[in-house]
Amino acid sequence: MPRYEGVHAHPDGDSTAARFAAAAARHGFDGVVVRNHSDATPDYDAERIAEEYDVDVVDAIEIRADNPDVASGHVGNYRPKHTVVALHGGTNALNRFAVESDRVDVLAHPMRGRGDFNHVLAKAAAEHGTRVEFDLSRVLREDGGPRVQALQDLRKLREIVTQYDAPYVVSANPTSHLQLRAPRELVAVGETIGFSSDQIRQGLAEWAALAERNRERMSDAFIAPGVKRGRYEEDA
């Protein structure tokens, strides 16, 4: 099962995409999803980095918007340009927009700020195939009350997501290569919120599944799900 991590590279974070890839390889990851926020686009050569470190580098974007109307415009703009499109959640309105949109791959940080997640959103995520992110960063990097609150939020999210079989991804949400954690460490954190080790590994693998699906859809041969352009169509 492939293991991918979603990272914020420079200028969104402190480390370059290449530095992330080098560290990811050491930690046992197969790929990194460079999901910088839409106001901090990185500059890197994905093919060169992948060849040098033997780590898949997935071009992504994490859209940050004040409200669903603005988010919709950004999604329309960025969807054709990036392999994976995530939406930075954290309000009920943005969380709902993300899970009800077929054009959004990942709802990132749904429990941030004033954000919440309920059964209605879980059903919508399952219907539209929007992956709900389990952001483990606060558990890994906070202590005291904030860490306790983060654990409570993630336990609630896990109960709802698993009850409705909504798809999900798992991430430590690193902004520096020093914040990368090996898959086994993420498994340990996941177990504290009620996940099995296989469920955490599935959440890491889901990034790879998204990348594979969307790369196929963006290829010239793609016509519709399950239908590719063959030699006849190419020659016609």
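## Basis of the description

Because the model is predicted, local features need pLDDT of at least 70 and side-chain atom pairs count only at pLDDT 80 or more, whereas totals for chains, interfaces and linings use all residues. Residues are numbered from 1 along each chain as its sequence is written, and side-chain values use heavy atoms, with hydrogens and water left out.

## Nonpolar cores

The largest nonpolar core holds 56 residues, of which Leu87, Phe117, Phe134 and Val161 touch the most other members; such a core is a set of buried Ala, Val, Leu, Ile, Met, Phe, Trp, Tyr and Cys residues joined through side-chain atoms within 4.5 Å. Apart from it lies another core, of 12 residues, including Val58, Trp207, Ala208 and Ala211.

Leaving out residues up to four places away in sequence, Phe117 touches Val99, Leu107, Pro110, Met111, Ala122, Val132, Lys156, Leu157, Ile160 and Val161, contact meaning heavy atoms within 4.5 Å.

## Helix α5 and its surroundings

Helix α5 spans residues 119-128, and Leu121, Ala122, Ala124 and Ala125 are buried in it; buried means under 20% relative accessible area, exposed over 50% and partly exposed in between, with a 1.4 Å probe and protein chains only. Seen down the axis of α5, the buried residues fall within an arc of 165 degrees, so they line one face of the helix, the arc being that of the directions from the helix axis to the C-beta atoms. Helices (H or I, at least four residues) and strands (E, at least two) are DSSP runs, numbered from the N terminus. The cover over these buried residues includes α4 (92-99), β6 (131-135) and α7 (144-163).

## Two individual residues

Glu133 lies in strand β6 and is buried, with a relative accessible area of 1%. The side chain of Glu133 reaches the backbone nitrogen of His109 at 3.0 Å, and, neighbours within four places in sequence aside, the contacts of Glu133 include Arg35, Val106, Leu107, Pro110, Leu157 and Ser171.

His10 is placed in the loop between β1 (4-7) and α1 (17-27), and at 47% relative accessibility His10 counts as partly exposed. Not counting residues up to four places away in sequence, His10 touches Ser15, Thr16, Asn36 and Pro42.

Notes
A polar contact is a pair of N or O atoms within 3.5 Å; within protein, one must be able to donate a hydrogen and the other to accept it, and residues adjacent in sequence count only if both atoms are side-chain atoms.
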